[in-house]
Amino acid sequence: MTAKKTLKTILYDLLEDTGQARGAARAIRHFLVGLIVVNVTLAVIETLPAVRAGYGGILTHIQMASGALFILEYCARLYVADLHPPLRRYGPFGARLRYALHMDAIVDLIAALPLILVFMLPHHAFTVVVILRLLRFLKLARYSPAIRSLLQAIASERWALMGATLIVSGVILFAATVMYLIEKDAQPDKFQSIPHAIWWAIATVTTVGYGDVVPITGLGKTIGGFFMLLGYGLIALPVGIIASAFAREIHSRDFVVSWSMVARVPLFEDLKAAEIAEVARLLQAQKVRAGHVIAEKGDVADRMFFISEGTAEIALKDKNIYLDTGDFFGELALIHQRPRTATIRAFHDCELLVLEAHALQQMMEKNPELATRILQEAERRGEEAVQSLGDLVSEELAMADVVADGSDGDTVEPDLFVEDIATTGTDRSPDKPKG
């Protein structure tokens, strides 16, 4: 692999958070998020005449430096676009062209435009530049799963939302027409036409009620009160649609993440998609604060853990190893339930998904074919003499960048579990899982 290719791959891993350097990728992500927030804040503050007069020079330098960084980020993402798995088949030019037309890339380009337009537009185009700077806020959608889920929810329910908007528009037009007919003689200056009455109808049906235009006749007040009450139900209609769609998107995203985590575990990788989904449904969420114990030394290793966010620290005799977001540990603990001889703590705040052995066993009892495949895989992996360091097998160690020491043929073994069966009285046979 050439140095150019290596540099490109490293750059892709840092920007897309796909490689082993997750700490550096996270630092870059946090820096860009902070830069976006600072830029949006400065774009708002800079419109104050006093601030612009006193600190205009400093703010201009900050905006210029930020603009240069956004241009650099856009060019870097465009440069590594052909490494994206879905785009590789289009070749370097085709992949970059398709990436440039993607919404995320368009938002990145908008964020980079202000610095370019400063040198191209006349001085009185200040408003255009300010608007583009404020649009940098849209870049936060790249780093916020919640925002992306909300946008996907709105997109998925766009037809229902359009229908709700049509209903609300019809009610507003009807309310304006009725109020015009009732109040036109009493208030000819405020209800002189239906378009004039639409302003009152919008303010009333949306429950805002500015109070600048109000009915004064008895019948007008009665009809106005009716539309006020009707407005509450109408506003709840689109809110309910978005809320239910958002909840569905969050549930779907969480399920996909859980499914993909389970599918990565070698013990389950040969299972059918429906069977992996059954295992994923057994996962339980758990949050552990930094420094708190996830699994205590001496506890029976009767569960495995998936790290959905955070970092876990496994304290060994001579060193500590760390597993990061997306990693898992304790795969063989589901079958070989042995006392732990090392404590596992949350190095950073952790959000975990836990799969307990007894839950898996209950599912296996209901599905003998599934149980047979899982137990056969566990037995095979035990007989293959994988680089098993206690409960951590080769795949888990690779995630933590722990490998065998090839210089003397020895492997640094963290003694995670008590090996003396006579002492512990624990049956470690792979074909006898205990609840």
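Visitor: How do the residues of the lining of the largest cavity divide into nonpolar, polar and charged?

Guide: Please bear in mind that this is a predicted model. As to the general idea, rolling a probe the size of a water molecule over the atoms shows where empty space is left. In this case, the lining of the largest cavity divides into 4 nonpolar, 1 polar and 2 charged residues. The lining residues are Q63, M64, P114, L115, V118, R133 and R136. Helix 3 (49-79) and helix 5 (103-120) are the elements that give two or more residues to this lining. Helix 5 supplies the largest share, namely 3 residues.

Visitor: How many cavities does the search find, and what is the volume of the largest?

Guide: Over the whole structure, the search returns 2 cavities of 30 Å³ or more.

Visitor: Let us turn to charged side chains. How many salt bridges does the count come to?

Guide: Side chains of opposite charge can pair when their charged atoms come close. Here the count comes to 9 salt bridges. One of them joins E73 to R77, with the closest N and O atoms 2.9 Å apart. Both residues lie in helix 3, 4 residues apart, which is about one turn of the helix.

Visitor: Are E73 and R77 buried or exposed?

Guide: E73 has a relative accessibility of 6% and therefore counts as buried. R77 also counts as buried, because its relative accessibility is 2%. The cut-off behind this reasoning is that buried means under 20% relative accessible area.

Visitor: Which parts of the chain does the salt bridge between K139 and D108 link?

Guide: In this pair, the closest N and O atoms are 2.6 Å apart. The pair links distant parts of the chain, 31 residues apart: K139 lies in the loop between helix 6 (126-134) and helix 7 (140-143), and D108 lies in helix 5. Both K139 and D108 are buried. Moreover, E73, R77, D108 and K139 are linked in a network of salt bridges.

Visitor: What does the salt bridge between R96 and D82 tie together?

Guide: The side chains of R96 and D82 meet at 3.6 Å, N to O. R96 belongs to helix 4 (residues 91-100) and D82 to the loop between helix 3 and helix 4, so the pair ties together parts that are 14 residues apart in sequence. R96 is partly exposed, at 21% relative accessible area, whereas D82 counts as buried at 13%.

Visitor: Helix 5 also holds D104. Which residues does D104 touch, not counting those up to four places away in sequence?

Guide: With those neighbours set aside, D104 touches R142 and R148. D104 counts as buried, because its relative accessibility is 17% and the limit for that class is 20%.

Visitor: How many disulfides does a search of the whole structure find?

Guide: A disulfide is a covalent bond between the sulfur atoms of two cysteines. The search finds 0 disulfides here. As for individual cysteines, C75 is partly exposed, with a relative accessible area of 43%, while C350 is buried at 2%.

Visitor: Finally, the backbone. What is the phi of T207?

Guide: Most residues other than glycine have a negative phi, and most peptide bonds are trans. T207 has a positive phi of about 65°, although it is not a glycine. T207 lies in the loop between helix 10 (194-205) and helix 11 (218-264). Its relative accessible area is 36%, so T207 is partly exposed.

Technical notes: Residues are numbered from 1 along each chain as its sequence is written. This is a predicted model: local features need pLDDT of at least 70, side-chain atom pairs count only at pLDDT 80 or more; totals for chains, interfaces and linings use all residues. Side-chain values use heavy atoms; hydrogens and water are left out. On a 1 Å grid over the protein atoms alone, a cavity is a set of points where a 1.4 Å probe fits but cannot get out, and a pocket is an open set with protein on both sides within 12 Å along at least five of seven lines; lining residues have an atom within 4 Å of a point. Grid points are joined across faces, edges and corners, and a volume is the space filled by probe spheres set on the points. Ala, Val, Leu, Ile, Met, Phe, Trp, Tyr, Cys and Pro count as nonpolar, Asp, Glu, Lys and Arg as charged, and the others, Gly among them, as polar. A disulfide is a pair of cysteine sulfur atoms within 2.5 Å. Buried means under 20% relative accessible area, exposed over 50%, partly exposed in between (1.4 Å probe, protein chains only). Contact means heavy atoms within 4.5 Å. A salt bridge is a side-chain nitrogen of Lys or Arg within 4 Å of a carboxyl oxygen of Asp or Glu.
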